Amino acid sequence: MKWKKFLAEKVLGECWDEDKRPGGDLPNRTFDRRNDMMDLYEVIKKSEKWDNFLVFLWPIYLDKSKYLLNANTRTARMIFVAWLFCLGNKDYESRCITVAKFFKWEEEK
């Protein structure tokens with residue numbers, strides 16, 4: 001199953017039909033914008049898995065972050081929050097893929 005379909009159906013509980021996108025009766029999910037990412041984060045929070053999600057994210061973030069080496073704790077936390085919520089208005093898709101992986105989606109081989 002492709003990651004977008006997985007997120008729509010398994011995480012958000014919505015129908016996903018490749019042939020009917022965009023438009024129609026189906027939600028117009030692209031998983032490359034803020035609203036989709038925040039809807040996924042909301043599901044994680046409501047399912048009381050937010051703390052587990054942050055633990056899951058931390059090694060991924062550390063692997064990608066070059067800023068933490070010289071940052072104090074407060075600055076490091078602010079940089080993490082900016083990364084987590086894509087405050088630079090980019091990388092929404094990669095955060096959505098991370099949510100899919102958190103919910104045990106596996107890439108097709």
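Select Lys104 to begin: at 69% relative accessibility, this residue counts as exposed (exposed means over 50% relative accessible area, buried under 20%, and partly exposed in between, with a 1.4 Å probe and protein chains only). Lys104 sits in the segment after α5, and its phi is positive, about 75°, although it is not a glycine. Most residues other than glycine have a negative phi.

Before moving on, please note that this is a predicted model, in which local features need pLDDT of at least 70 and side-chain atom pairs count only at pLDDT 80 or more, while totals for chains, interfaces and linings use all residues. Residues are numbered from 1 along each chain as its sequence is written, and side-chain values use heavy atoms, with hydrogens and water left out.

**Stop 1: the whole chain**

Zoom out and colour by secondary structure. The protein has five helices and zero strands, and from the N terminus on its elements run α-α-α-α-α. Helices (H or I, at least four residues) and strands (E, at least two) are DSSP runs, numbered from the N terminus. Of the 109 residues, 34% count as buried. Among contacts between residues at least 6 apart in sequence, 57% join residues at least 24 apart; contact here means heavy atoms within 4.5 Å.

**Stop 2: Asp91**

Now pick Asp91, in the loop between α4 and α5. Asp91 is not a glycine, yet has a positive phi of about 75°. At 40% relative accessibility, Asp91 counts as partly exposed.

**Stop 3: α1 against α5**

Show α1 (3-11) together with α5 (residues 92-102). Two packed helices are described by the angle between their axes and the distance between the axes. The axes of α1 and α5 come within 10 Å and cross at roughly 65°. These axes are lines fitted to C-alpha atoms, for helices over the stretch in contact, with angles running from 0 to 180 degrees between N-to-C directions. The crossing is left-handed, a term used if the near helix is turned anticlockwise from the far one by less than a right angle (right-handed if clockwise).

Which residues of α1 and α5 meet here? From α1 come Trp3, Phe6 and Leu7, and from α5 come Glu93, Cys96, Ile97, Val99 and Ala100. The residues of this contact divide into seven nonpolar, no polar and one charged. In this count Ala, Val, Leu, Ile, Met, Phe, Trp, Tyr, Cys and Pro are nonpolar, Asp, Glu, Lys and Arg are charged, and the others, Gly among them, are polar.

Stay with α1 and select Trp3, Phe6, Leu7, Ala8 and Val11, which are buried. What covers the buried residues of α1 includes α2 and α5. After α1 comes Gly13, with a positive phi near 70°.

**Stop 4: the core**

Next, show the side chains of Leu7, Phe31 and Phe53, which touch the most other members of the 27-residue largest nonpolar core. Each of α1, α2, α3 (50-64), α4 (73-84) and α5 supplies at least two residues of this core. A nonpolar core is a set of buried Ala, Val, Leu, Ile, Met, Phe, Trp, Tyr and Cys residues joined through side-chain atoms within 4.5 Å. Not counting residues up to four places away in sequence, Leu7 touches Leu12, Phe31, Leu40, Cys96, Val99 and Ala100.

Then click on Thr98 in helix α5. Is Thr98 buried or exposed? Thr98 is buried, with a relative accessible area of 10%. Leaving aside neighbours within four places in sequence, Thr98 is in contact with Phe56, Leu57 and Ile60.

**Stop 5: salt bridges**

How many salt bridges does a search of the whole structure find? The search finds five, each a side-chain nitrogen of Lys or Arg within 4 Å of a carboxyl oxygen of Asp or Glu.

Select Glu14 and Arg29 for one of them, where the closest N and O atoms are 2.8 Å apart. Glu14 and Arg29 both lie in the loop between α1 and α2, 15 residues apart. Arg29 counts as buried, at 11% relative accessibility. Arg29 also meets Asp36 in a salt bridge (2.8 Å, N to O), and Asp36 is buried at 1% relative accessibility.

Finish at Lys46 and Glu42, whose closest N and O atoms are 3.0 Å apart in a salt bridge. Both lie in helix α2, four residues apart, about one turn of the helix. Lys46 is exposed at 64%, whereas Glu42 is partly exposed at 39%.
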